[in-house]
Amino acid sequence: MGEEGASYIRYEVADRIATITLNRPEAANAQNGALLDELDAAWVRAGDDPEVSVIVLRAEGKHFSAGHDLRSGEPVPDKITLELIYRNESRRYLEYSLRWRNIPKPSIAAVQGRCISGGLLLCWPCDLIVAADDASFSDPVVLMGIGGVEYHGHTWELGPRKAKEILFTGRPVTAEEAEKTGMVNRVVPREHLDTEVRELALQIAKMHPFGLRQAKRAVNQTLDVQGFYAAIQSVFDIHQTGHGNALSDSGWPVLMNLDEMKNNIR
């Protein structure tokens, strides 16, 4: 639950489709710990529900997600250590994203506006991504001295050269550009995003649920044989070296500069 008992997530089921909605538009759906915990519970609920065949992840407001909330208001320990960061990020950023990816039901992300850094950890685990024509995707954390967000889908989603370009420059990838790389399945007008996603979900929901489960497993298993799972785990450790460097030098002030940049989108 969010501030004063308000929920950060809406959850609805209709026509065998579970719709999970990020509901923190006043903060551009930035992710604090409570939002991520609530989101994970919604994913698990949809995965366990025999009446759900397809999962849709969408967001309320102008933007899909501004990423991790660097000013979440959550208690800050007296001493921040690499071990503490590693433990927290292992659970909320790596474990959660991998669990959502592997839930044995088709999932669709509907993305509009900005999808920044941690926002990628929400849409990349989904099987399909439908983007509004105003959507953009970026990961500017190299500004913090870190080589990319915790769940390294970059190379798999964009290809190695495009992945390097967006990491080296921090520039956003447009919806049309993301479609060309195969990261996005479809680009639709912003006003038609929810309708188009629902029509796609309804089409998929008509298929045999066990067939859908096996089709998803076949594709994910192929990626894992090619090294996806091992790469995600090893690059997570590379990500942590960035935190270690920031703890030992002047890296943390840059974190606040990135936060100020993200605040400008709200």
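Predicted model: local features only at pLDDT ≥ 70, side-chain atom pairs only at ≥ 80, totals over all residues.
**Entry 1: the cavity**

I started inside: L120, W124, F137, S138, L158, I166, V173 and M183 line the largest cavity. On a 1 Å grid over the protein atoms alone, a cavity is a set of points where a 1.4 Å probe fits but cannot get out, a pocket is an open set with protein on both sides within 12 Å along at least five of seven lines, and lining residues have an atom within 4 Å of a point. I noted that the largest cavity holds about 30 Å³ of space, where volume is the space filled by probe spheres set on the points, with grid points joined across faces, edges and corners. The structure has one cavity of 30 Å³ or more. I sorted its lining by class and got seven nonpolar, one polar and no charged residues. For the classes, Ala, Val, Leu, Ile, Met, Phe, Trp, Tyr, Cys and Pro count as nonpolar, Asp, Glu, Lys and Arg as charged, and the others, Gly among them, as polar.

Residues are numbered from 1 along each chain as its sequence is written, and side-chain values use heavy atoms, with hydrogens and water left out.

**Entry 2: the chain overall**

I counted 10 helices and nine strands in the chain; helices (H or I, at least four residues) and strands (E, at least two) are DSSP runs, numbered from the N terminus. Of the 266 residues, 48% count as buried, meaning under 20% relative accessible area, with exposed over 50% and partly exposed in between (1.4 Å probe, protein chains only). I also looked up contacts, that is heavy atoms within 4.5 Å. Among those between residues at least 6 apart in sequence, 75% join residues at least 24 apart.

In what order do the six strands of the open sheet come? I read 1-2-3-4-6-9, with mixed pairing; two strands pair if DSSP finds at least two bridges between them. Strand 1 (9-14) and strand 9 (186-188) are at the edges with a single partner strand each, so one side of each has no neighbour in the sheet. The twist averages 20 degrees from one strand to the next, taking axes as lines fitted to C-alpha atoms (for helices over the stretch in contact) and angles from 0 to 180 degrees between N-to-C directions.

Then I went pair by pair. Strand 2 (residues 17-22) runs parallel to strand 3 (residues 54-59), with six bridges joining them, and I20 has L57 as its bridge partner in strand 3. Strand 3 also pairs with strand 4 in the parallel sense, over three bridges; here V56 stands opposite I108. On to strand 6: four bridges join strand 4 to this parallel strand, and A110 stands opposite V130.

Is strand 4 (residues 107-111) buried or exposed? Five of its five residues are buried. I checked both faces: S107, A109 and V111 are buried on one side, I108 and A110 on the other.

Strand 5 pairs with strand 7 (residues 136-138) in the parallel sense over three bridges. C115 has F137 as its bridge partner in strand 7, and F137 is also one of the residues lining the largest cavity.

**Entry 3: two loop residues**

P125 sits in the loop between helix 3 (120-123) and strand 6. I get a relative accessible area of 1% for P125, so P125 counts as buried. Leaving out residues up to four places away in sequence, P125 touches S97, W100, R101, S107, L120 and Y151.

H68 is in the loop between strand 3 and helix 2 (82-102). H68 is at 13% relative accessibility, so H68 counts as buried too. H68 and G118 are 50 residues apart in sequence but 5.2 Å apart in space, C-alpha to C-alpha.

**Entry 4: the second largest pocket**

I put this pocket at about 550 Å³. Its lining has 23 residues, and C126, D127, L128, V219 and N220 are the closest to its centre. Which element gives the largest share of the lining? Helix 8, with six residues. Strand 6 (128-132), helix 4 (154-158) and helix 8 (209-225) are the elements that give two or more. By class I have 15 nonpolar, four polar and four charged residues.
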